[in-house]
Amino acid sequence: MDAFGDLFRGVRAQGSLFGSSVLSPPWALRFVDGPPLTLCTVLGGAGWIVPEHRPPEQLRAGETVVVRGPAPFAFVDEVGTRAEPIACGEHCATPEQGGTRYRRGWSDGRGGPREGATTLIVGAYPVRGEISRRLLEALPVVLRVDSGGGADAVLHHLAAEAAADTPGQQVVLDRLLDWLLVCAVREYFDRPGAEPPAWYAAQRDPVVGGALRLLHAEPAAPWTVSSLADRTAVSRSTLAKR
């Protein structure tokens with residue numbers, strides 16, 4: 001049993017909300033629907049994520065944040081922007097508001113990339129039941145992942161699919177959102193100076209990690225400190241101390 005993988009058991013997006021936008025400053029997008037988790041990726045340019053009652057965080061090209069709901073948050077060109085906030089959420093999904101037949105999302109509808117613009121892609125889990133309480137409790141309000149990590153492999157596929165309008169698009173976006181979430185959380189837990197849950201750090205310990213994997217693989221076994229020490233090739237005192 002993979003304890004980290006088990007954290008995502010049952011997480012499966014269904015009809016995820018996706019939006020893409022090319023933004024020229026000043027801008028202010030306010031996400032108001034309060035989904036349990038929202039993932040924001042900047043493909044080009046930069047901006048600021050501004051959660052309620054939390055300090056703002058800058059988001060640069062290739063970086064991703066996971067924002068834990070249900071509190072609303074904003075994405076702005078700069079802190080204190082003069083732009084009037086535009087509310088974004090499920091109600092923006094109709095074609096006359098920039099949505100498409102297959103993508104339930106919002107779009108600014110102003111064409112392709114422009115010089116000095118920021119390209120943003122947002123994906124959200126619309127139903128709280130799709131995300132376990134255990135996963136939500138393991139995450140901070142804002143989880144930020146730098147570019148150059150494991151999540152990068154997803155972004156190329158995500159950008160191409162979010163820009164399309166083809167049959168089956170929603171299914172592909174749902175799976176890509178799940179993929180990006182797992183990669184982003186793993187990247188965040190593994191980064192230097194991170195403070196992941198204690199059980200995650202324990203899995204990486206050369207002594208405790210082996211013992212935990214044995215317990216998870218054979219939960220019905222009559223484990224003792226002695227038998228675990230034998231199987232992990234350490235002394236009983238070393239195992240007990242760890």
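## Helices α6 and α7

The axes of helix α6 (residues 208-217) and helix α7 (residues 225-232) cross at roughly 115° and come within 9 Å of each other. Axes here are lines fitted to C-alpha atoms, for helices over the stretch in contact, and angles run from 0 to 180 degrees between N-to-C directions. α6 and α7 are therefore roughly perpendicular to each other (65 to 115 degrees; under 35 counts as roughly parallel, over 145 as roughly antiparallel, and the rest as oblique). Gly210, Ala211, Leu214 and Leu215 of α6 make the contact with Leu228, Arg231 and Thr232 of α7, contact meaning heavy atoms within 4.5 Å. These residues divide into 4 nonpolar, 2 polar and 1 charged; Ala and Leu are among those that count as nonpolar, Arg among the charged, and Gly among the polar.

## Basis of the model

This is a predicted model, in which local features need pLDDT of at least 70 and side-chain atom pairs count only at pLDDT 80 or more, while totals for chains, interfaces and linings use all residues. Residues are numbered from 1 along each chain as its sequence is written, and side-chain values use heavy atoms, with hydrogens and water left out.

## The sheet

An open sheet is formed by 5 strands in the order β1-β9-β3-β6-β10, with antiparallel pairing. Helices (H or I, at least four residues) and strands (E, at least two) are DSSP runs numbered from the N terminus, and two strands pair if DSSP finds at least two bridges between them. β1 (17-23) and β10 (142-145) are the edge strands, each pairing on one side only. On average, neighbouring strands of this sheet are turned by 15° against each other, direction ignored.

Strand β6 (residues 64-68) runs antiparallel to β10 and is joined to it by 4 bridges. Thr64 has Val145 as its bridge partner in β10. In a regular strand, side chains alternate between the two faces of the sheet. In β10, Val142 and Arg144 point one way and Leu143 and Val145 the other, and all are buried (under 20% relative accessible area; exposed is over 50%, partly exposed in between, with a 1.4 Å probe and protein chains only).

## Helices across the sheet

Helix α3 (residues 152-162) lies across β1, β3 (37-44), β6 and β9 (118-125), running at about 90° to β9. Helix α4 (residues 169-190) lies across β1, β3, β6, β9 and β10, at about 85° to β10.

His156 lies in helix α3 and is exposed, with a relative accessible area of 61%. Between His156 and Leu43 the C-alpha to C-alpha distance is 9.2 Å, although they are 113 residues apart in sequence.
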